[in-house]
Amino acid sequence: MSTFSAFDTDLQAPATLTAVDISCWFGDHKVLEKVNLTMEAGKVTALIGPSGCGKSTFLRTLNRMHELVPSAALAGEVRLNEDDIYDDGIKITDVRRQVGMVFQKPNPFPAMSIRDNVLSGLTLTGRKISGSGADDLVEETLAKSGLWTEVKDRLRNAGGSLSGGQQQRLCIARSLAVRPSVLLMDEPCSALDPTSTRRIEQTIQELSTEVTIVIVTHNMQQAQRVSDDCAFFLAEAGTPGGIVEAGPTELMFSVPQDPRTLDYVHGRFG
Ligand code: ADP
Ligand code: MG
């Protein structure tokens, strides 16, 4: 495990995220109970489980988005390498830069150019970049997100002119441009057709050496194709959600420890 601080901006490498006893509430409704999970640096961890079991809520605790919900409360720790992202000494803007997020529905700025969409995260984090540096960054991140060859001749066109799958890869490029050490993805393919989905899956696999990836997916084939490790979440009748088990994806899908995991990955419920 890497031990350097991910907040040292000179170092850019995938970081390990460790959730320690994470519990979450919306008002007095407890939706997650003491979740513990290590998401290893440079790997893809898939979060699976039926709707409503708290996967998205858990994902939002990993970059401090959970606290944006007015009634939301949280207990526990999230470590990015050695640092607790909830520590008073750590700035929330630094957390969001280190731990990027890609959502279910692609959300580029539709009227903004493809190029400016890629660079928009830098502007928002108040960082400046020179003309040729910006060109290089646009090419590099669009190449990593698998979009460069499709858009290199029309970088000034609007982000909204792209197809859904291309827009999602543009959002991935935008996230990469601020050089995060972790990328969170909440069902990033659920609004896409199968071809675009496979393209994004390929991108995810290529990116995992650059950035730690945590992906929520309802698609069991996708979890098997893209993830190294898997965590199975479940909220049983009237109880808060939690992890039933977690481990290497291959084992989770073949010889899981818990019969509920086997039933779920074989599509018997949820
Ligand atoms: P999943 O992503 O696994 O489908 P969620 O994390 O979205 O599950 O939801 C977990 C639980 O938290 C659900 O009971 C859901 O109704 C509740 N919940 C999620 N978001 C909110 C919110 N903004 N306000 C109140 N309850 C919420
Ligand atoms: Mg969800």
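**View 1. Polar contacts of ligand 1 in the predicted model.** A polar side-chain atom of Ser56 lies 2.9 Å from an oxygen atom of ligand 1. Two further polar contacts (pairs of N or O atoms within 3.5 Å) involve the backbone: a backbone N or O atom of Gly52 is 2.7 Å from a ligand 1 oxygen atom, and a polar backbone atom of Gly54 is 3.0 Å from an oxygen atom of ligand 1. Taken alone, ligand 1 exposes 560 Å², of which the protein buries 63% (accessible areas by the Shrake-Rupley method with a 1.4 Å probe). This is a predicted model, in which local features need pLDDT of at least 70 and side-chain atom pairs count only at pLDDT 80 or more, whereas totals for chains, interfaces and linings use all residues. Residues are numbered from 1 along each chain as its sequence is written, chains are lettered from A and ligands numbered from 1 in the order in which they are written, and side-chain values use heavy atoms, with hydrogens and water left out.

**View 2. The shell around ligand 1.** Among the 13 residues around ligand 1, Gly52, Gly54, Lys55, Ser56 and Thr57 come nearest (a residue is near if one of its heavy atoms lies within 4 Å). The shell comprises five nonpolar, six polar and two charged residues, with Asp, Glu, Lys and Arg counted as charged and Gly as polar.

**View 3. Elements that contribute to the shell.** Strand S2 (29-39) and helix H1 (55-61) are the elements that give two or more residues to the shell around ligand 1. H1 gives the most, with four residues. The protein chain has ten helices and ten strands (DSSP runs of H or I with at least four residues, and of E with at least two, numbered from the N terminus).

Terms used
Polar contact = N/O pair within 3.5 Å; in protein donor to acceptor, adjacent residues only side chain to side chain.
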